[in-house]
Amino acid sequence: MNKRKISRLMRDRVNGLLNSGVYFFRGDFDQILQGVVLEYVPRGLYVWDFRLPLFDHVGPNLSFSNRLSGRSFIGAGEMSDEEIVDYVITAPEVETTFGGGSPMSIEQFNQILKLEYSDFPRAQLVRATGYVLQGRDGQAMELLTSPPQKLHPSNFAYLERLKASIGEGHQMALELVEEIRKSNLQAFNIA
């Protein structure tokens with residue numbers, strides 16, 4: 001598996017595709033990066049259907065992503081680079097993501113969090129941040145005043161910072177979220 005060749009083939013085959021390392025995503029994003037992650041391991045690679053809200057304070061991660069529902073692992077030597085790219089871009093999840101239409105909205109992403117990640121404590125914090133971007137500070141505060149009991153301690157500083165910024169006014173909350181967005185864009189070299 002030649003990473004550079006696969007990257008070049010992916011960009012050549014999908015219009016408007018951007019990439020940063022192993023992350024390949026739609027170039028027409030607004031607040032949510034959508035695409036594919038090719039996770040190289042010594043035995044081959046895992047393929048992920050990738051979703052990342054740029055307002056996630058954790059930075060680049062795969063928390064809200066899933067491995068492809070079909071064949072998510074491709075062993076070294078099982079396919080040529082061209083076959084890997086063909087497989088990846090024709091996977092149903094990937095075709096849906098790259099197939100056109102509008103990029104995912106905050107509302108759509110928050111629905112996914114509510115329905116699919118209700119047991120994931122940090123998802124509530126990310127949803128609250130999305131509400132801030134939508135001007136729904138009251139709903140954000142509702143989520144923040146009853147944080148999940150299993151929220152990892154590393155998330156409490158951000159939770160308190162977001163609550164305080166909302167308390168200081170919507171503009172202050174937006175400035176905090178924009179700071180996070182800029183940091184994530186820089187991490188992907190697209191700032």
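Predicted model: local features only at pLDDT ≥ 70, side-chain atom pairs only at ≥ 80, totals over all residues.
Eleven salt bridges are counted in the model, and three of them are described here. Lys 5 is paired with Glu 82, with 2.8 Å between the closest N and O atoms. This pair joins distant parts of the chain, since Lys 5 belongs to helix 1 (residues 3–13) and Glu 82 to helix 2 (residues 81–90), at a separation of 77 residues. Lys 5 has a relative accessible area of 27% and is therefore classed as partly exposed. Glu 82, at 36% relative accessibility, is likewise partly exposed.

A salt bridge is also formed between the side chains of Arg 71 and Glu 78, with an N to O distance of 1.9 Å. Arg 71 has a relative accessible area of 32% and counts as partly exposed. The value for Glu 78 is 46%, so Glu 78 is also partly exposed.

The side chains of Arg 161 and Glu 179 form a salt bridge at 2.8 Å, N to O. Here too the pair links distant parts of the chain: Arg 161 is in helix 7 and Glu 179 in helix 8, 18 residues apart. The relative accessible area is 42% for Arg 161, which is partly exposed. For Glu 179 the corresponding value is 43%, again partly exposed.

Asp 49, located in strand 4 (residues 44–53), is buried and has no salt bridge. The nearest side chain of opposite charge is that of Arg 51, at 4.9 Å. When neighbours within four places in sequence are left aside, the contacts of Asp 49 are Gly 35, Ser 65, Asn 66, Leu 68, Glu 93 and Thr 97.

Arg 122 is part of helix 5 (residues 121–133). With 7% relative accessibility, Arg 122 is classed as buried, because the cut-off for that class is under 20% relative accessible area. Apart from neighbours within four places in sequence, Arg 122 is in contact with Asp 56, His 57, Val 58, Asn 61, Ser 63, Phe 64, Leu 151 and Asn 155. A distance of 9.9 Å separates the C-alpha atoms of Arg 122 and Leu 159, which are 37 residues apart along the chain.

Leu 159 also takes part in the contact of helix 7 with helix 6. The axes of helix 6 (residues 137–145) and helix 7 (residues 156–167) approach within 10 Å and cross at roughly 145°, and the crossing is left-handed. Helix 6 contributes Asp 137, Ala 140, Met 141 and Leu 144, while helix 7 contributes Leu 159, Leu 162, Lys 163 and Ile 166. By class, this contact comprises six nonpolar residues, two charged residues and no polar residues.

In the segment after helix 8 (170–187), Asn 189 has a positive phi of about 55°, although Asn 189 is not a glycine. Most residues other than glycine have a negative phi. Asn 189 has 67% relative accessibility and is therefore counted as exposed, as the threshold for that class is over 50%.

Key. Residues numbered from 1 in each chain as written. Heavy atoms only, no water. Helix = DSSP H or I, 4+ residues; strand = E, 2+ residues; numbered from the N terminus. Buried < 20%, exposed > 50% of the residue type's maximum accessible area, 1.4 Å probe, protein only. Lys, Arg positive; Asp, Glu negative; His and termini not counted. Salt bridge = Lys/Arg side-chain N within 4 Å of Asp/Glu carboxyl O. Contact = heavy atoms within 4.5 Å. Axes fitted to C-alpha atoms, helices over the stretch in contact; angles between N-to-C directions. Left-handed = near helix turned anticlockwise from the far one by under 90°. Nonpolar A, V, L, I, M, F, W, Y, C, P; charged D, E, K, R; others polar.
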